[in-house]
Amino acid sequence: MFIKHDYIESILEKAKSASKEDIQRVLDKAKERKGLSHEDIAILLQIEDENQLMEMYKIAGDIKQSIYGKRVVLFAPLYVSDYCVNNCVYCGYKRCNKFNRRKLTQAEVAEEVRILEKMGHKRLALELGEDPVNAPIEYVLECLDTIYKTQNSNGEIRRVNVNIAATTVENYKKLKDANIGTYILFQETYHKPSYEAMHPNSLKSDYMYHLTAFDRAMESGIEDVGAGVLFGLADYKFEVLSLMIHNEHLEEKFNVGFHTISVPRLKKAEGMTLENFPNLVDDETFKKIVTIIRIAVPFTGIILSTRESANMRKELLKYGVSQVSAGSITGVGGYKEQEEGNNVDQFTVSDNRSPIEVLNELLDDGYIPSYCTACYRKGRTGERFMTLAKSGQIQNVCEPNAMTTLMEYALDYGDDKFIEKAEKTIIDNLKYIKREDIRELVKENIKKLKEGKRDLYI
Ligand code: SF4
Ligand code: SF4
């Protein structure tokens with residue numbers, strides 16, 4: 001097994017005696033971007049000194065700027081079924097919570113998709129509980145088919161990432177054939193005793209089966225996998241180091257590690273209270289976690305959901321987050337029922353702003369909101385994607401695609417004021433595109449968008 005508890009705990013223990021000089025040595029190494037060892041990451045996790053913290057934030061901010069530039073990718077979750085046979089202590093969908101469970105019919109899925117498309121979304125994360133009877137893999141495949149086929153006059157979903165329970169190679173193959181984007185699965189916690197305490201008597205109880213899900217997904221041919229930890233279940237230092245080790249395991253075995261890492265923090269949900277969780281992560285620690293992940297795996301996207309407040313999201317965009325959800329509803333059929341307020345959510349959302357509000361603020365803060373879904377449609381996935389990312393060549397496509405998808409969004413969903421603001425951002429940023437041919441192409445594409453063409457990307 002690649003997550004060795006004794007090994008991780010001994011490294012963390014040793015790091016406790018790291019001096020200020022030891023920490024400085026790792027910070028200097030991080031600045032040179034030479035790659036960090038497990039011991040180095042453990043030492044960074046010890047930082048408390050205010051000046052060193054600031055220095056670490058600066059290093060992460062510089063890495064983020066040089067690799068991701070100003071773009072921020074947007075997506076929305078779509079919950080299709082809250083049937084669940086599991087009993088995860090922290091989740092509102094756990095089977096001991098009694099409420100009227102439901103799964104969307106395909107007509108309802110299409111309705112939700114149309115609402116999401118009207119908000120401008122192009123990239124979804126499909127979410128559902130685990131229930132082999134009520135929501136088997138065939139149901140997931142049907143939903144995927146419906147989502148890709150449902151189009152508005154000016155909207156379509158171009159990439160669906162899928163978050164379903166750990167499953168077999170055979171089922172992962174089916175997902176791959178259904179053209180999914182990233183397969184997302186949160187380990188929740190890498191700490192086995194905590195994992196077992198949090199997932200009693202259910203399909204999800206088997207730590208090893210869950211931990212090896214990405215191995216099976218990659219064996220099936222899925223190239224992009226998205227990991228995550230639910231911070232607050234166990235010691236965050238153990239989780240961060242384990243995430244890095246899991247990533248390395250996949251790199252060694254399949255030549256490509258995590259495409260993304262999600263960093264949800266435990267939130268209040270139906271049927272649980274936060275008082276029973278001694279490992280909750282406060283805001284300052286959370287910032288530290290995101291920063292260290294950014295430094296440790298510069299080319300892996302970091303995803304933040306609306307579990308976090310607008311202010312926290314704004315702060316973390318500076319240090320590492322590259323993808324955020326917007327306008328999210330975390331209940332089944334929730335986009336339609338938004339006004340009625342009678343659905344059970346998987347967890348509580350902290351950022352309730354609509355996508356256009358989120359985009360306005362991103363623009364005000366100097367970012368380029370992006371609805372780009374180009375890579376997987378161009379076959380830039382898995383190892384090929386990582387090679388491009390690591391060589392820096394991905395920059396030649398990310399920022400231009402951010403600009404064209406922003407313009408498309410503005411023309412289709414913005415008012416005159418928003419269009420003006422978006423266009424100004426694009427014009428201001430065109431000069432930073434290094435290659436003249438690409439700069440010209442973006443200008444040409446903006447012109448074509450204004451003439452009514454859509455879905456332009458490189
Ligand atoms: Fe079910 Fe997932 Fe919630 Fe666990 S976390 S109860 S598997 S929906
Ligand atoms: Fe993501 Fe690829 Fe688009 Fe860049 S070009 S934003 S990596 S999909």
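**Exercise 1. Find what sits over the ring of Tyr209, and how far it is from the centre.**

Step 1. The charged end of Arg216 sits over the ring of Tyr209, 3.8 Å from its centre. A charge counts as sitting over a ring if NZ of Lys or CZ of Arg is within 6 Å of the ring centre and within 35 degrees of the ring normal.

Step 2. Now look at Lys103, which lies over the face of Tyr139, at 4.8 Å from the ring centre.

A note before going on: this is a predicted model, in which local features need pLDDT of at least 70, side-chain atom pairs count only at pLDDT 80 or more, and totals for chains, interfaces and linings use all residues. Residues are numbered from 1 along each chain as its sequence is written, chains are lettered from A and ligands numbered from 1 in the order in which they are written, and side-chain values use heavy atoms, with hydrogens and water left out.

**Exercise 2. Work out how Tyr79 and Tyr93 are arranged, and which parts they tie together.**

Step 1. The structure holds nine aromatic pairs. Rings of Phe, Tyr and Trp (its six-membered ring) pair if their centres lie within 6.5 Å; planes under 30 degrees apart count as stacked, over 60 as edge-to-face and the rest as tilted.

Step 2. Tyr79 and Tyr93 make an edge-to-face pair, with 6.1 Å from centre to centre and 85° between the planes.

Step 3. Tyr79 belongs to strand S1 (residues 71–81) and Tyr93 to the loop between S1 and helix H5 (106–118), so the pair ties together parts that are 14 residues apart in sequence. Helices (H or I, at least four residues) and strands (E, at least two) are DSSP runs, numbered from the N terminus.

Step 4. Buried means under 20% relative accessible area, exposed over 50%, and partly exposed in between (1.4 Å probe, protein chains only).

Step 5. Elsewhere, ring pairs link Tyr172, Tyr183, Phe214 and Phe258 into a cluster.

**Exercise 3. Follow the strand pairing from S1 through S2 to S5.**

Step 1. S1 and S2 run parallel and are joined by five bridges. Two strands pair if DSSP finds at least two bridges between them. Pro77 has Ala125 as its bridge partner in S2.

Step 2. S2 (residues 123–128) is in turn joined to S5 by five bridges, and these strands also run parallel. Here the partner of Ala125 in S5 is Asn161.

Step 3. Next, consider the faces. In a regular strand the side chains alternate between the two faces of the sheet. In S2, Arg123, Ala125 and Glu127 point one way and Leu124, Leu126 and Leu128 the other, and all are buried. With six of its six residues buried, S2 is largely enclosed by the rest of the structure.

Step 4. S5 (residues 159–163) is mostly covered, with five of its five residues buried. Arg159, Asn161 and Asn163 lie on one side and Val160 and Val162 on the other, so that both faces are covered.

**Exercise 4. Describe helix H19 and what covers its buried residues.**

Step 1. H19 (residues 436–450) has 15 residues and reaches 21 Å from its first C-alpha to its last, close to the expected 21 Å. The expected span is 1.5 Å times one less than the number of residues.

Step 2. The buried residues of H19 are Ile438, Val442, Asn445, Ile446 and Leu449. They cover an arc of only 105° around the axis, which puts them on the same side of H19. The arc is that of the directions from the helix axis to the C-beta atoms.

Step 3. Their cover includes helix H17 (395–413) and helix H18 (416–430).

Step 4. Zoom in on Leu449, which is buried at 1% relative accessibility. Leaving aside neighbours within four places in sequence, Leu449 is in contact (heavy atoms within 4.5 Å) with Thr404, Met407, Glu408, Leu411, Arg454 and Leu456.

**Exercise 5. Locate Asn201 and decide whether it is buried or exposed.**

Step 1. Asn201 lies in the loop between helix H8 (192–198) and helix H9 (207–211).

Step 2. With a relative accessible area of 67%, Asn201 is exposed.

Step 3. Now the backbone. Most residues other than glycine have a negative phi, and most peptide bonds are trans. Asn201 has a positive phi of about 40° although it is not a glycine.
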